Amino acid sequence: MIACWSCHKEAGPSPFCSACGELQPARPRDAFQVFDLSPRYHLDLAVLEKSWRERSKKLHPDKFVRAGARQRRFALEQTTLLNQAYKELKSPLARAELILRSNGYSTPTAEAGKAGAGEKLPLEFYEEVMVDREALDEAKAEGPEAVQALASQVLTRRDATLAIIDRAFADWERSGDAAALGPAEPELAKLRYYARFVDEVEGRPHD
Amino acid sequence: MGDSGKAVGIDLGTTNSLVAYVEGKGAKVRCLVVDEGSTLLPSAVAYVDGQVVVGRQARRLAAEHPREVILSAKRFMGKSADDVEVRRLSPYTFAAESGPVIRFALGEKSVTPVEVSAEVLRRLRAEAQARLGEVTKAVITVPAYFDDAQRQATKDAGKLAGLEVLRLLNEPTAAAIAYGLDKKKDGTFAVYDLGGGTFDISILKLEDGVFEVKATGGDSALGGDDFDRALAQHFLAQLGADRAEPKIVRAAIDAAKAAKERLTAERQIEVELGGAKIAVAREDLESVIKPILERTGPACRRALADADAGPLDGVILVGGQTRTPLVRRYVGELFRLPPLADIDPDEVVALGAAIQANQLAGEEKAHDDILLLDVIPLSLGVETMGGLVEKILPRNSTIPVAMQQRFTTYVDGQTALDVHVVQGEREFVQDCRSLARFTLRGIPPLPAGLARIGITFQVDADGLLTVSAREERTGVAQTVQVKPSHGLTDEEVERMLLESYQHGEEDIASRLLMESRVEAQRILAAADKQIDSNGDLLTGEERTEIESAMRALVEAAQGNDHRLVNERIAELDRASAEFAERIMDRGIQRAIGGRSIDEVSESGPG
């Protein structure tokens with residue numbers, strides 16, 4: 001059991017003690033737990049956003065300006081955790097990776113020294129990447145319309161990838177069988193590539 | 001609280017300042033008349049003949065006493081003598097013994113920008129007290145880009161004027177509050193604020209009582225004054241006065257300003273200048289100011305892209321310059337929406353501040369459920385190999401926020417890691433602002449790439465940054481606190497954003513090449529060393545294959561094609577994948593000594 005710092009009774013999983021209502025320190029929880037959601041890929045983002053706002057209104061440090069230093073620190077921790085979880089759940093890619101990780105799949109985490117080359121892509125996809133690269137150079141020489149056309153072509157392929165991911169996660173959501181996620185794993189690597197490619201086409205530094 | 005003093009909202013502007021108040025149960029909010037029948041008090045303060053005069057009267061003294069009449073103290077708030085703004089051409093003389101805070105020299109005495117601003121606030125407070133009784137509290141608005149020093153200076157000015165500053169509110173947020181609550185309407189709004197000397201754009205989302213700043217941007221050296229100067233130039237050209245005297249230039253600028261204002265309602269007017277009459281049509285004004293106006297476009301598009309908030313529900317106009325019909329048309333076309341202008345664009349910020357003041361002072365409980373969520377204006381990152389920046393927190397992240405990134409060592413046996421924290425959008429360290437440096441020591445000596453170092457950035461609700469680094473195997477940790485905004489001027493913020501925009505493509509290409517070369521070097525060095533020390537793990541055939549992949553990579557890294565380099569890196573990776581795994585196993589075995597594999601298995605290969 002986790003005891004409340006204030007009343008020393010069982011605090012429960014919520015940010016506020018279930019016994020006395022005092023704000024608790026942030027405990028490590030995954031993004032779904034932060035929002036009291038069971039892990040799902042298919043999320044209603046409007047509902048998620050509403051939930052984020054409602055939670056912000058209760059947890060934000062601005063709501064604790066007159067409280068003690070301890071509560072202010074907890075408010076900072078809780079809101080930081082909340083914002084992080086929201087950012088993660090908002091992105092289909094991050095959401096999918098989180099589900100894969102908690103189902104025993106390995107997904108690459110952010111590491112220094114990544115050059116895009118360490119990614120484990122299927123071999124035929126690697127060739128697709130090379131073709132795109134050359135096409136991008138040609139399109140750049142040709143002009144903005146050509147670049148735009150290439151970008152929308154890549155976006156179409158990205159949508160196809162998203163559809164496969166979508167199906168795999170739908171299967172998993174129905175069956176609860178982690179093996180159903182198998183087909184999604186290589187597609188996620190493609191999705192990361194598409195995101196970087198589109199960023200580059202649009203002149204945004206990838207991060 | 002026995003304190004009966006009233007709370008007001010104050011827009012402390014560069015050119016004009018206003019005070020507003022929420023009155024009665026109906027929560028009617030309005031600006032008070034403060035200067036010669038107007039709600040606008042020119043932010044001008046004259047120190048003439050031992051007297052202090054504020055407002056229009058002070059402005060009229062400016063021509064005769066250029067040094068003793070301070071017209072735009074706001075530009076100097078929180079600045080030191082080294083700041084660009086201070087060195088820019090201006091009629092003021094600064095006291096020599098300035099120290100960290102600049103002082104305007106006024107003959108035998110000198111005043112700080114804080115004191116000048118306090119005079120403006122004192123006058124607003126006095127005018128409000130004449131109508132409302134005792135006024136002791138205020139919400140004062142500041143530009144979204146104001147840094148810590150500027151915000152602190154504004155707070156000090158309030159204190160000097162006898163006001164308890166309940167909160168400093170960002171100007172665009174104040175404008176959105178004025179519209180949001182007046183209409184009780186949720187949605188995503190752009191706030192387009194074109195003042196006399198500055199331009200700001202913000203994208204805000206209002207829903208369920210939460211005001212979320214999605215993105216901000218702007219240009220602190222672009223405004224209506226530029227319109228006036230351009231139109232004045234047009235007049236002077238018509239007069240054939242190519243090398244005009246300062247007096248005529250001054251007269252031309254005044255005439256231009258008046259003409260611009262008249263052309264809001266009229267289509268064709270006549271201007272008198274230097275004894276000559278010049279006919280001006282609205283079209284003339286528009287063709288002169290259009291190129292200046294169009295400079296606001298890129299910042300708007302970037303803010304919209306950053307906000308990624310879907311279609312806009314409205315565009316709010318703020319600042320007197322948005323009265324100009326061309327500005328309204330341009331904004332309408334830019335955002336594909338007719339802009340909202342039903343609240344006076346000069347008053348809207350003060351009105352929003354008054355609503356916030358009313359809530360914070362607890363005089364009206366109706367809207368106390370409001371929360372403002374702010375963002376960081378510039379990305380935060382650390383320096384990595386080759387002088388590159390690894391962004392850890394992207395700009396416009398909602399605060400408070402934290403993010404962790406994993407790093408590793410590049411050299412065998414490396415026991416210390418330098419952490420250099422930077423702020424900005426560019427790809428190279430030298431183009432970003434350096435915030436802090438520290439060294440994480442006590443990393444256990446391991447083969448290169450095996451140490452796991454987590455660097456965490458935490459920005460709290462006030463925008464203060466804490467950076468900590470931790471080696472995960474040993475728990476060795478180091479923490480440093482930095483102020484991301486400290487001393488960073490609006491100009492610096494904008495210059496950095498602008499440059500990232502202009503150099504984006506060129507940066508990416510050279511970044512990609514640099515990255516791929518660094519990676520190539522790292523991999524080649526590692527491969528070399530591993531063949532030396534772990535060559536016994538390879539068959540002769542495997543060894544030949546790896547060595548030919550290495551030669552191909554060396555060749556590619558000498559060229560300028562990052563894709564070829566990456567391709568060859570991937571080939572070398574493939575050729576040596578099996579080898580790397582065998583080495584990793586051996587390395588871990590050695591590094592952990594007597595510990596069991598299970599203890600570290602969760603960290604896997606780095």
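Helices (H or I, at least four residues) and strands (E, at least two) are taken as DSSP runs and numbered from the N terminus. The model is predicted, and for this reason local features are reported at pLDDT of at least 70 and side-chain atom pairs at pLDDT 80 or more, whereas totals for chains, interfaces and linings use all residues. Residues are numbered from 1 along each chain as its sequence is written, chains are lettered from A and ligands numbered from 1 in the order in which they are written, and side-chain values use heavy atoms, with hydrogens and water left out.

Chain A contains seven helices and zero strands, and its pattern along the sequence reads α-α-α-α-α-α-α. Of its 207 residues, 42% count as buried, where buried means under 20% relative accessible area, exposed over 50% and partly exposed in between, computed with a 1.4 Å probe and the protein chains only. Among the contacts in chain A with a separation of 6 or more, 58% come from residues 24 or more positions apart, a contact being defined by heavy atoms within 4.5 Å. The chain exposes about 10,600 Å², of which carbon and sulfur atoms supply 54%; accessible areas come from the Shrake-Rupley method with a 1.4 Å probe, and for residues only the protein chains shown count as cover.

Aromatic pairs are assigned to rings of Phe, Tyr and Trp (its six-membered ring) whose centres lie within 6.5 Å, with planes under 30 degrees apart counted as stacked, over 60 as edge-to-face and the rest as tilted. By this rule there are nine aromatic pairs over all chains. The ring centres of Trp5(A) and Phe74(A) are 6.0 Å apart and the planes stand at 65 degrees, so this pair is edge-to-face. Because Trp5(A) lies in the segment before helix 1 (31-34) of chain A and Phe74(A) in helix 3 (residues 69-90) of chain A, the pair ties together parts that are 69 residues apart in sequence. Trp5(A) is partly exposed, at 23% relative accessible area, whereas Phe74(A) is buried, at 4%. Elsewhere in chain A, ring pairs link Phe35(A), Trp52(A) and Tyr86(A) into a cluster. The charged end of Arg95(A) sits over the ring of Tyr41(A), 5.0 Å from its centre, the criterion being NZ of Lys or CZ of Arg within 6 Å of the ring centre and within 35 degrees of the ring normal.

In chain B, an open sheet of five strands has the order 17-12-13-14-18 with mixed pairing, two strands being paired if DSSP finds at least two bridges between them. Strand 17 (314-318) and strand 18 (371-373) of chain B stand at the edges with a single partner strand each, so one side of each is left without a neighbour in the sheet. Neighbouring strands of this sheet are turned by 25 degrees against each other on average, direction ignored; axes are lines fitted to C-alpha atoms, for helices over the stretch in contact, and angles run from 0 to 180 degrees between N-to-C directions. Within the sheet, strand 12 (residues 187-194) and strand 13 (residues 199-207) of chain B pair in the antiparallel sense over eight bridges, and Asp193(B) stands opposite Asp200(B) in strand 13 of chain B. Helix 2 (residues 45-59) of chain A lies across strand 13, strand 14 (210-219) and strand 18 of chain B, at about 115 degrees to strand 18 of chain B.

Helix 10 (residues 325-335) of chain B is mostly covered, with eight of its eleven residues buried, and these buried residues pack against strand 12, strand 13, helix 6, helix 8 (282-293), helix 9 (297-307) and strand 17 of chain B. Leaving aside neighbours within four places in sequence, Asp228(B) is in contact with Ile253(B), Ala256(B), Lys257(B) and Lys260(B), whereas the contacts of Glu171(B), counted with the same exclusion, include Lys74(B) and Asp193(B).

Backbone geometry in chain B was examined as well. Most residues other than glycine have a negative phi, and most peptide bonds are trans. Glu36(B), in the loop between strand 3 (28-31) and strand 4 (41-42) of chain B, has a positive phi of about 50 degrees and is exposed, at 51% relative accessibility. The peptide bond from Ile399(B) to Pro400(B) is cis, with omega near 0 degrees.
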